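Let's take a friendly walk through this chain together. Have the sequence and the 3D view at hand as you read.

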Amino acid sequence: MSVFRRWYCRCSGEPRELNYERVLEDETLGEPFCDRCGATPSSDPKHTITFKDEEDFED
Ligand SMILES: [Zn+2]
């Protein structure tokens, strides 16, 4: 069982899922960021970032 963390930003009044910044020359994913306000989980001045962990099973 694995867990996938989804990040959201509520800057527009309702949660928007964040996109992961992709480093093109590398396979690694960067930090997720909000393409509307620019907030990231480590830079969240307005406290709009939330996350939800989704597990790989159905309930
Ligand atoms: Zn935002």
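Which residue takes a positive phi in the hairpin of strand 1 and strand 2? That residue is Gly13, with a phi near 105 degrees. Six residues lie between the two strands of this hairpin. Please keep in mind throughout that this is a predicted model.

## The chain as a whole

If you look for helices, you will find zero, while the strands number five. Read from the N terminus, the order of elements is β-β-β-β-β.

Of the 59 residues in the chain, 12% are buried. Contacts can also be sorted by how far they reach along the sequence: among those between residues at least 6 apart, 47% join residues at least 24 apart.

Three of the strands form an open sheet in the order 2-1-5, and their pairing is antiparallel. Strand 2 and strand 5 are at the edges with a single partner strand each, so one side of each has no neighbour in the sheet.

Now for the two pairings. Strand 1 covers residues 3-9 and strand 5 covers residues 49-55; these antiparallel strands are joined by seven bridges.

## Two exposed residues to look at

Is Glu31 buried or exposed? Glu31 belongs to strand 4, which spans residues 29-33. It has 12 C-beta neighbours inside 10 Å, and because a residue with 12 or fewer is classed as exposed, Glu31 counts as exposed. From Glu31 to Leu18, the C-alpha to C-alpha distance is 9.6 Å, with a separation of 13 residues in sequence.

Gly38 sits in the loop that links strand 4 and strand 5. Why does Gly38 count as exposed? The reason is its 11 C-beta neighbours inside 10 Å, as the exposed class takes in residues with 12 or fewer. Gly38 can also be placed relative to Cys11: these residues are 27 apart in sequence, and their C-alpha atoms are 9.8 Å apart in space.

Definitions and conventions:
Residues numbered from 1 in each chain as written. Predicted model: local features only at pLDDT ≥ 70, side-chain atom pairs only at ≥ 80, totals over all residues. Pairing = 2+ DSSP bridges. Helix = DSSP H or I, 4+ residues; strand = E, 2+ residues; numbered from the N terminus. Buried ≥ 20, exposed ≤ 12 C-beta atoms within 10 Å, placed from the backbone. Contact = placed C-beta atoms within 7 Å.
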